[in-house]
Every structure is written in structure tokens, then in C-alpha cells.
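Hello,

I am passing a structure on to you, with some notes on what turned up in it. Please have a look at it first, and then read on below.

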Amino acid sequence: MVLFISTDLKANDLNLTIDNLTDGGSLDIVQDGENNDIDFDIVSMDGFIIDIDQVGNGNSLDVNVDGRTSNGSSMYFNQTGNNKSYSNTLWCGHSFCTITVNQN
């Protein structure tokens with residue numbers, strides 16, 4: 001006799017906020033799997049490096065930057081897989097920020 005048990009796998013959803021007191025540093029996230037969601041809000045991030053990699057199908061990334069003082073920061077977002085989505089609202093004021101988005 002063989003017994004098969006099936007369970008639904010839950011996605012690894014992340015809700016992150018970088019507050020207005022963040023100077024320097026880095027954040028590296030690798031999210032591997034399906035139907036994952038990252039909701040990322042940034043208030044301020046002077047001299048900050050962000051690298052987010054999503055691997056798998058059905059993943060989504062939503063980035064909101066209200067970075068009035070986000071000077072000298074860089075963001076790198078990579079999504080690999082099918083049915084991926086990326087959305088953003090970006091504002092760096094009179095500062096210098098860069099963003100790179102790759103979808104494969």
C-alpha cells in the first residue's frame with residue numbers, strides 16, 4: 001500500500017521598509033521559488049546598495065522609493081523565470097541614485 005500526501009506550498013512573501021535613518025550599508029536578497037512577492041518601500045538610503053534576485057515563475061517585485069535624501073545609492077533587481085512582474089514608484093529628489101532592472 002502506498003500513501004501519497006499532498007500539501008499546498010506557500011510563497012515566500014517579503015514586505016520590507018528602509019526608514020529615514022539609514023546611511024550606508026547593503027541589502028542582498030535571493031528569492032528562489034514560485035509565486036513569491038517582494039513589496040519594498042524606501043524612505044531614505046544614503047550610500048546604500050540594494051541587490052534583489054528573484055528566480056522562478058510567477059514572482060513579483062514592487063518598489064516604492066520616496067528618497068528625498070537617497071544620495072549615492074544603487075539598486076539592482078534581477079528576475080529570472082516566466083510570468084514575472086516588476087513595478088515601481090521612484091523619486092530621488094535632487095540626489096544621485098541609480099537603478100538597474102534585468103528580466104530574463
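What share of the 104 residues in the chain is buried? Buried residues make up 29% of them, where buried means under 20% relative accessible area, exposed means over 50%, and partly exposed is in between (1.4 Å probe, protein chains only).

A word on how to read the values. This is a predicted model, in which local features need pLDDT of at least 70 and side-chain atom pairs count only at pLDDT 80 or more, while totals for chains, interfaces and linings use all residues. Residues are numbered from 1 along each chain as its sequence is written, and side-chain values use heavy atoms, with hydrogens and water left out.

On confidence, the chain averages a pLDDT (the predictor's confidence in each residue, from 0 to 100) of 81, and 82% of the residues score at least 70.

Now to the fold. The chain has 0 helices and 8 strands, both taken from DSSP runs (helices are H or I, at least four residues; strands are E, at least two) and numbered from the N terminus. Of the contacts between residues at least 6 apart in sequence, 58% join residues at least 24 apart. The chain exposes about 6,500 Å², with 49% of it supplied by carbon and sulfur atoms; accessible areas come from the Shrake-Rupley method with a 1.4 Å probe, and for residues only the protein chains shown count as cover.

Among the elements of the chain, strand 6 has the highest mean pLDDT (91), and strand 1 (residues 14-18) the lowest (84). Strand 6 runs parallel to strand 4 (residues 46-55), joined to it by 7 bridges, and also pairs in the parallel sense with strand 8 (residues 97-103) over 7 bridges. Two strands count as paired if DSSP finds at least two bridges between them. Ile52 has Phe77 of strand 6 as its bridge partner, and Ser73 has Cys97 of strand 8.

Leaving aside neighbours within four places in sequence, Ser74 is in contact with Phe48, Ile49, Ile50 and Thr98. With Thr98 there is a side-chain to side-chain polar contact of 2.8 Å. A polar contact is a pair of N or O atoms within 3.5 Å; within protein, one must be able to donate a hydrogen and the other to accept it, and residues adjacent in sequence count only if both atoms are side-chain atoms.

Asp53, in strand 4, touches Ile29, Val30, Gln31 and Asn78, not counting residues up to four places away in sequence. The side chains of Asp53 and Asn78 make a polar contact at 2.7 Å. Asp53 and Asn102 are 49 residues apart along the chain, yet their C-alpha atoms are separated by 9.5 Å.

Finally, the structure holds 1 aromatic pair. Phe77 and Tyr86 form this tilted pair, 6.0 Å centre to centre with 40° between the planes. Rings of Phe, Tyr and Trp (its six-membered ring) pair if their centres lie within 6.5 Å; planes under 30 degrees apart count as stacked, over 60 as edge-to-face and the rest as tilted. Phe77 is buried at a relative accessible area of 1%, whereas Tyr86 is partly exposed at 22%.

Best wishes

Methods
Contact = heavy atoms within 4.5 Å.
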